[in-house]
Amino acid sequence: MRVPHIPRPRSLAGQLFAMQAVLIAVLVAGYALFTYVSDHSQARQAADRQATAVARSVADSPSVRAAIRTADPTKSLQPYALQVQRHTGVDFVTIMNPQGIRWTHPNPQRIGEHFRGHIERALKGETFTEKYTGTLGPSERAVTPIWDGGRIVGLVSAGIKIETVTARVQDQVTAMAGVAVCALFLGGIGTYVINARLRRSTHGMNATELSRMHDYHQAALHAVREGLLMLDGQFRVALINDGGRELLGVSGEVVGRSVAELGLPAPLTGALLSSEPRVDEVHLTGTRVLVVNTSPVSGGERRGTVVTLRDVTELQALTGELNSERGFTQALRSQAHEAANRLHTVVSLIELGRAEEAVDFATAELELAQALTDQVVAAVNEPVLAALLLGKAAQANERGVELVVSEDSSIDDGLLPPSLPSRDLVTILGNLIDNAVDAAQGSVGARVTVTAYTEGPDLVLRVSDTGDGVDPAHAEAVFERGWSTKPATAPGGRGLGLALVRQTVRRHDGTLTVSEAPGGGAEFEARVPLPTVGAAIAAPRTSPAAETALPGGDA
């Protein structure tokens, strides 16, 4: 079975050319009809005026009156009439006597015959025009009397054939058709040039293909969950998909606005306004951690920027938890190493015959480790925080920093509501402790003090260190992503931990501040509202806090 041929979509150039051809054809046809009707009437009027002028000129000629007085007027009038006919462009000039008998005629054989037409009005002294069919066919003619001494001695008729008038109109229509053909030819050349330029701009796709690509483009934009942002050469938003709106937290009419007007964090705005490409940069918004990639669009000149956004908030939180678990693992390794040392010591004492000293040594180490664990759990009974503190204590001890928990701390198990997940606690307290350990490491009497308690409806997490402290001029900048006084040592660089802390605290409508610690160094305090906390509120602290030391090796 033969499959019927399906015509391909007409190209844009073909559509333009067809439209021009139809438009010109309609214009030419309409103008031709109008011209034929209008010009034909005007041509008849012009023919009447021309015939009247010629007839009167002949009738007023003295030589014509003189020839009429002769015995054979035809002899003189026939050559004269033919000469006038040639010079004036009329088709005939007929001179006759008052009875209508011809003295002249373009066909000499018709001389002497009766004139075909009306002469009554001319015999009354009137000049008139009429359309009449004579020996030469239909014509527009004028008839006027010849006066001599106050009486009519003859008549003159001059005329133009209808076919001559029609030929004049046809010549005009033909000329107009020629102009139309030239216009169509020029239009075709112009269409070809425009089509070539359009195809270069559209990469060879016609209008149908562009429409189909637009539909695919729109479907892809709404289907992709990642954020996509397109900026023009002036860094105005040219396009943004639903994922981009959600990740950036923008709403309303965004297209056409500058990136600087979207209210984004300064580091993220700077990355979007940069003319250099950015690859896998981590940036923070109010509630999300985003990985940003930018790629300039250029074609001889800068045309804009394509920005992709990936949400790694959950991934970052899981990474934080993984780091905490890794810290716990390292703490267990350290404890296993210390336990092996103690076991060797006990074994050696037994081999030396000092069993009593071996028992005392083992018992003392066990009591110390258990006492410290009991003290942490007693102060912070919330399991996640207790485990975090024990693990961080071991890590800090390996780095030569003493981690202590203030006796002011009091967090009971079950006090924290579901609205404050353990993941966020790990993010807030874990990053504050890591930052404090970094600051305190290498200082005299390196120490990090942690205080955790509830005060009114707020959970208070306070971490202080014995480091160099924070310059008050940098009290706000210290929470910005990328700000750090230490060189970057990881692919992601430094300056992310405190930014994540502030983001998490703000997500729970809390506050994060930094000030100078009482013993020097910096003190960071995070306050997170606990809307579901009931009567379980710790008593206010009025005396200086005692401290419980957590040597990492004994935790």
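Which residue stands opposite glycine 134 in S3? Glycine 137 does, and we will come back to that pair once the setting is clear. The model is predicted, with residues numbered from 1 along each chain as its sequence is written. Local features need pLDDT of at least 70 and side-chain atom pairs count only at pLDDT 80 or more, while totals for chains, interfaces and linings use all residues, and side-chain values use heavy atoms, with hydrogens and water left out.

Let us start with helix H3, residues 73-88. Helices here are DSSP runs of H or I with at least four residues, strands are runs of E with at least two, and both are numbered from the N terminus. The 16 residues of H3 should span 22 Å at 1.5 Å a residue, the expected span being 1.5 Å times one less than the number of residues. The end C-alpha atoms of H3 are 22 Å apart, which agrees.

Now look around the helix. Pro73, Thr74, Leu77, Gln78, Ala81, Val84 and Gln85 are the buried residues of H3 (buried means under 20% relative accessible area, exposed over 50%, partly exposed in between, with a 1.4 Å probe and protein chains only). These residues cover an arc of only 140 degrees around the axis, which puts them on the same side of H3; the arc is that of the directions from the helix axis to the C-beta atoms. Lys75, Arg86 and His87, on the other side of H3, are exposed. After H3 comes glycine 89, with a positive phi near 80 degrees.

Next comes an open sheet of 4 strands in the order S1-S4-S3-S2, with antiparallel pairing (two strands pair if DSSP finds at least two bridges between them). S1 (92-96) and S2 (128-134) stand at the edges, each with a single partner strand, so one side of each is left without a neighbour in the sheet.

Finally, turn to strand S14, residues 522-529. Because 6 of its 8 residues are buried, S14 is largely enclosed by the rest of the structure. S14 pairs with S12 (residues 458-465) in the antiparallel sense over 7 bridges, and proline 529 in S14 is the bridge partner of aspartate 458. S14 also pairs with S13 (residues 511-516), again antiparallel, over 6 bridges, with glutamate 516 opposite alanine 522. S13 and S14 form a hairpin with 5 residues between them, and glycine 520 in the turn has a positive phi of about 95 degrees.
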